[in-house]
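Please keep the sequence and the structure at hand while reading.

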Amino acid sequence: MGFRYTSASRLTLDGLTFSLPSGTTTALVGASGAGKSTVASLLLRFWDASTGTIRIGGTDIRQLELDDLREHVALVTQDTYLFNDTLAANIRLARPDASEAEVNHALASAALSGFVASLPQGLDTLVGERGTQLSGGQRQRIAIARAFLKNAPILILDEATSHLDSLSEMQVRDALALLMRKRTTLIIAHRLSTIRDADQILVLDDGKLIEQGTHETLLSRYGAYARLIQHQEQGISN
């Protein structure tokens with residue numbers, strides 16, 4: 001698979017080939033600009049691949065209606081768009097027909113119950129245009145609540161904990177683990193804590209797949225992945 005943005009002079013993804021086995025977790029790592037988020041965008045058909053094919057269950061995703069494709073995928077990104085509406089309305093975007101009990105369960109799973117209970121208007125609180133009344137971490141946990149509510153078989157986590165402080169990340173880590181269970185999950189992240197237990201790790205560099213394996217296997221090769229981990233650990237210690 002290859003992809004080139006219209007304004008780009010070179011391919012953003014070049015000769016990329018891999019599979020996401022059903023029910024497993026795959027982590028996509030690499031330096032900034034390696035093409036990680038572009039993979040997620042292609043899977044959701046925000047753009048189409050310039051060359052090659054993306055298939056789900058053997059079906060070319062270009063043969064699927066966009067609504068049908070996106071019904072099967074839940075996305076949690078580092079930038080969560082919220083409408084100038086209530087918390088309840090923004091969470092129910094994932095499934096408008098969800099019951100109150102299902103919404104409350106999604107809130108609890110995303111570690112939002114306490115926050116919502118602290119608001120005078122609760123779920124009827126207006127979040128402001130693009131969620132300006134909320135912190136980055138709160139907006140991200142709303143995206144996680146949406147994913148729980150949607151209950152889709154494919155899950156994409158694109159830097160899904162990037163705006164969370166240490167306490168908030170601890171609160172949602174177990175919830176994300178439950179959300180990922182028995183789903184086909186693609187994680188795009190740099191944090192070691194979110195990728196080390198993945199069934200497979202794919203290392204991208206300049207749009208190309210340069211390494212593939214488990215955390216332990218890749219570390220033992222002392223290659224690009226090992227250098228990324230070493231750089232991260234040095235950053236944490238400094």
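## Pocket lining and aromatic pairs

Helix 2 (66-71), strand 4 (73-76) and helix 6 (136-150) each contribute at least two residues to the lining of the largest pocket. The model is a predicted one. The volume of the largest pocket is about 620 Å³. Its lining has 20 residues, and those closest to the pocket centre are Val73, Ala74, Leu75, Arg146 and Lys150. By residue type, the lining of the largest pocket comprises 12 nonpolar, two polar and six charged residues.

Turning to the aromatic rings, the structure contains four aromatic pairs. One of them joins Phe3 and Tyr5; the ring planes lie at 85 degrees, over the 60 degrees required, so the pair counts as edge-to-face. Tyr81 and Phe83 also form an edge-to-face pair. The geometry of these two pairs is set out below.

| Ring pair | Centre to centre | Angle between planes |
|---|---|---|
| Phe3 and Tyr5 | 4.7 Å | 85 degrees |
| Tyr81 and Phe83 | 5.0 Å | 75 degrees |

Ring pairs also connect Phe3, Tyr5 and Trp47 into a cluster.

Tyr81, at 34%, is partly exposed, and Phe83, at 42%, is partly exposed.

How values were computed:
Residues numbered from 1 in each chain as written. Predicted model: local features only at pLDDT ≥ 70, side-chain atom pairs only at ≥ 80, totals over all residues. Heavy atoms only, no water. Phe/Tyr/Trp six-rings, centres within 6.5 Å; stacked < 30°, edge-to-face > 60°. Buried < 20%, exposed > 50% of the residue type's maximum accessible area, 1.4 Å probe, protein only. 1 Å grid on protein atoms, 1.4 Å probe; cavity = no way out; pocket = protein on both sides within 12 Å on 5 of 7 lines; lining within 4 Å. Points joined across faces, edges and corners; volume = space filled by probe spheres on them. Helix = DSSP H or I, 4+ residues; strand = E, 2+ residues; numbered from the N terminus. Nonpolar A, V, L, I, M, F, W, Y, C, P; charged D, E, K, R; others polar.
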